[in-house]
Each structure stands twice: as structure tokens, then as C-alpha cells.
Amino acid sequence: MYKPTYTTTQLEVVHALQSRDCWFIAASCLSQWAKGETYYIDTRVNVPKRIFTLMNKANNQVGKT
């Protein structure tokens with residue numbers, strides 16, 4: 001069975017989202033990244049700009065592990 005690996009940045013995004021109680025978005029990110037696809041957070045979601053910046057970096061790392 002294939003077990004996906006995540007980059008440090010991707011895991012940092014997930015932990016940051018979970019700490020802000022955005023559990024569904026965090027799970028969706030992991031699911032999409034495991035498929036080799038990107039995931040974007042709607043700008044209406046109330047998270048700090050830092051998370052959006054990290055999210056862009058994490059998406060650029062999809063499939064590079």
C-alpha cells in the first residue's frame with residue numbers, strides 16, 4: 001500500500017490549520033497532496049496571511065518528495 005510522505009512545509013500548514021480549528025481544511029489538504037494535487041484555501045476563511053503564504057509554498061512542493 002502506498003503511504004504518502006509530506007514535506008516539512010506541508011506538515012507545518014496542517015498543524016497551523018489544526019491549531020486554528022480548521023480540521024476539515026487540514027484533512028482536505030492532506031488528502032489532495034496524497035493524490036499529487038494542490039489545494040487552495042478560500043480567502044474568505046479567517047486564517048492569518050502567513051498560512052496562505054505557507055500554503056502556496058506547500059502546493060509548490062506537491063509531488064517533489
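Just after H2, glycine 36 takes a positive phi of about 85 degrees. The model is predicted, so local features are reported at pLDDT of at least 70 and side-chain atom pairs at pLDDT 80 or more, while totals for chains, interfaces and linings use all residues. Residues are numbered from 1 along each chain as its sequence is written, and side-chain values use heavy atoms, without hydrogens and water. Helices are DSSP runs of H or I with at least four residues, numbered from the N terminus.

Helix H2 covers residues 23–34. Its 12 residues reach 17 Å from the first C-alpha to the last, close to the 16 Å expected at 1.5 Å a residue. The expected span is 1.5 Å times one less than the number of residues. Buried residues of H2 are Ile25, Ala26, Ser28, Cys29, Gln32 and Trp33. Seen down the axis, the buried residues of H2 fall within an arc of 160 degrees, so they line one face of the helix. Here buried means under 20% relative accessible area, exposed over 50%, and partly exposed in between (1.4 Å probe, protein chains only). The arc is taken from the directions from the helix axis to the C-beta atoms. Trp23 and Phe24 are exposed, on the face of H2 turned away from its buried side. The buried residues of H2 pack against helix H1 (8–19) and helix H3 (49–60). Contact means heavy atoms within 4.5 Å.

In H1, Thr9, Gln10, Val13, Val14, Ala16 and Leu17 are buried. They cover an arc of only 165 degrees around the axis, which puts them on the same side of H1. The face of H1 turned away from that buried side carries exposed Thr8, His15 and Ser19. The buried residues of H1 pack against H2 and H3.

The axes of H1 and H2 come within 7 Å and cross at roughly 160 degrees. Axes are lines fitted to C-alpha atoms, for helices over the stretch in contact, and angles run from 0 to 180 degrees between N-to-C directions. H1 and H2 are therefore roughly antiparallel to each other, a term for angles over 145 degrees. Their crossing is left-handed. In a left-handed crossing, the near helix is turned anticlockwise from the far one by less than a right angle. From H1, Gln10, Val13, Val14, Leu17 and Gln18 make the contact between H1 and H2. H2 contributes Trp23, Ile25, Ala26, Cys29, Leu30 and Trp33.

H1 passes H3 in a left-handed crossing as well. The axes of H1 and H3 come within 9 Å and cross at roughly 150 degrees. Thr9, Gln10, Glu12, Val13, Ala16 and Leu17 form the H1 side of this contact. Arg50, Ile51, Leu54, Met55, Lys57 and Ala58 form the H3 side.

Aspartate 21 lies in the loop between H1 and H2. The residue has a positive phi of about 60 degrees although it is not a glycine. Aspartate 21 is exposed, with a relative accessible area of 60%. Serine 19 lies in helix H1 and is exposed, with a relative accessible area of 59%. Serine 19 and leucine 54 are 35 residues apart in sequence and 15 Å apart in space, C-alpha to C-alpha.

Technical notes: Helix = DSSP H or I, 4+ residues; strand = E, 2+ residues; numbered from the N terminus. Parallel < 35°, antiparallel > 145°, perpendicular 65-115°, else oblique.
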